[in-house]
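User: I have a structure open and want to go through a few spots in it. Can we start with the charged side chains?

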Amino acid sequence: MDQRSSPDPVPSWVPASGHALRHVGVHFDAVRVLGFAGDEVAYELMQFTDFRAGPIVRSGVGDRSTYFLLPPRSAAAYRWPAGARLIGRDLPCDAFVGIPALEGRTWPLDWRSRPTGEAPFVGAKLLHEVAVAVLTGRVGG
């Protein structure tokens with residue numbers, strides 16, 4: 001991809017190939033939702049945004065977490081429901097999230113929704129509203 005002419009420049013934190021760990025709180029905050037609930041939150045969020053939700057990364061191993069990437073220092077403003085865990089700079093320890101490249105072999109990580117110029121991050125307020133609705137049983141499932 002020619003990044004100079006691409007309508008959606010690739011963020012600096014997205015690796016050119018494979019996948020890489022990125023320090024949370026530097027380029028983004030993250031909210032993690034485990035298993036099928038993460039898929040449900042992602043689906044509802046993508047439906048609401050006409051599939052332009054911003055960056056959502058899914059892990060294909062272990063607890064099959066879904067990571068919603070938000071602007072740095074935005075996630076701590078919300079009280080996340082049980083089942084959604086804030087991963088941000090304000091934690092007492094360093095935290096990292098695996099980020100896949102946009103193309104090629106990235107297993108076990110993949111993009112459920114990619115960052116774009118229009119949606120470089122998931123909106124914290126909208127994600128909070130959707131996560132509360134899904135994880136408390138008011139929508140989906």
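Analyst: Glu129 is partly exposed, with 41% relative accessible area. Keep in mind that this is a predicted model.

User: Which residue does Glu129 form a salt bridge with?

Analyst: Lys125, and the closest N and O atoms of the two are 2.9 Å apart. Both residues are in helix α2, 4 residues apart, which is about one helical turn.

User: Why does that spacing work in a helix?

Analyst: An α-helix has 3.6 residues a turn, so residues three or four places apart point the same way.

User: And Lys125, buried or exposed?

Analyst: Exposed, because its relative accessibility is 53% and the cut-off for exposed is over 50%.

User: How many salt bridges does the count come to?

Analyst: The count comes to 7 salt bridges. One of them pairs Asp39 with Arg112, with the closest N and O atoms 3.3 Å apart. That pair links distant parts of the chain, since Asp39 is in helix α1 and Arg112 in strand β7, 73 residues apart.

User: How accessible is Asp39, and Arg112?

Analyst: Both are partly exposed: Asp39 has a relative accessible area of 24%, and Arg112 is at 23%.

User: What does Arg58 pair with?

Analyst: The side chain of Arg58 meets that of Asp110 in a salt bridge, 3.3 Å from N to O. Arg58 lies in strand β3 and Asp110 in strand β7, so this pair ties together parts 52 residues apart in sequence. Arg58 is partly exposed at 25%, and Asp110 is partly exposed at 31%.

User: Switching to α1. Which of its residues are buried?

Analyst: Gly35, Gly38, Glu40, Val41, Ala42, Leu45 and Met46. The helix covers residues 35-48 and reaches 21 Å from first C-alpha to last, close to the 20 Å expected.

User: What do those buried residues pack against?

Analyst: Strands β2, β3, β4 and β7, plus helix α2.

User: What comes just after α1?

Analyst: Asp50, which takes a positive phi of about 55 degrees.

User: Last one, Pro81. Where is it?

Analyst: Pro81 is in the loop between β4 and β5. Pro81 counts as buried because its relative accessible area is 12%, and buried means under 20%.

User: What does Pro81 touch?

Analyst: Leaving out residues up to four places away in sequence, Pro81 touches Ala131, Val132 and Leu135.

Note on methods. Residues numbered from 1 in each chain as written. Predicted model: local features only at pLDDT ≥ 70, side-chain atom pairs only at ≥ 80, totals over all residues. Heavy atoms only, no water. Helix = DSSP H or I, 4+ residues; strand = E, 2+ residues; numbered from the N terminus. Expected span 1.5 Å × (residues − 1). Buried < 20%, exposed > 50% of the residue type's maximum accessible area, 1.4 Å probe, protein only. Contact = heavy atoms within 4.5 Å. Salt bridge = Lys/Arg side-chain N within 4 Å of Asp/Glu carboxyl O.
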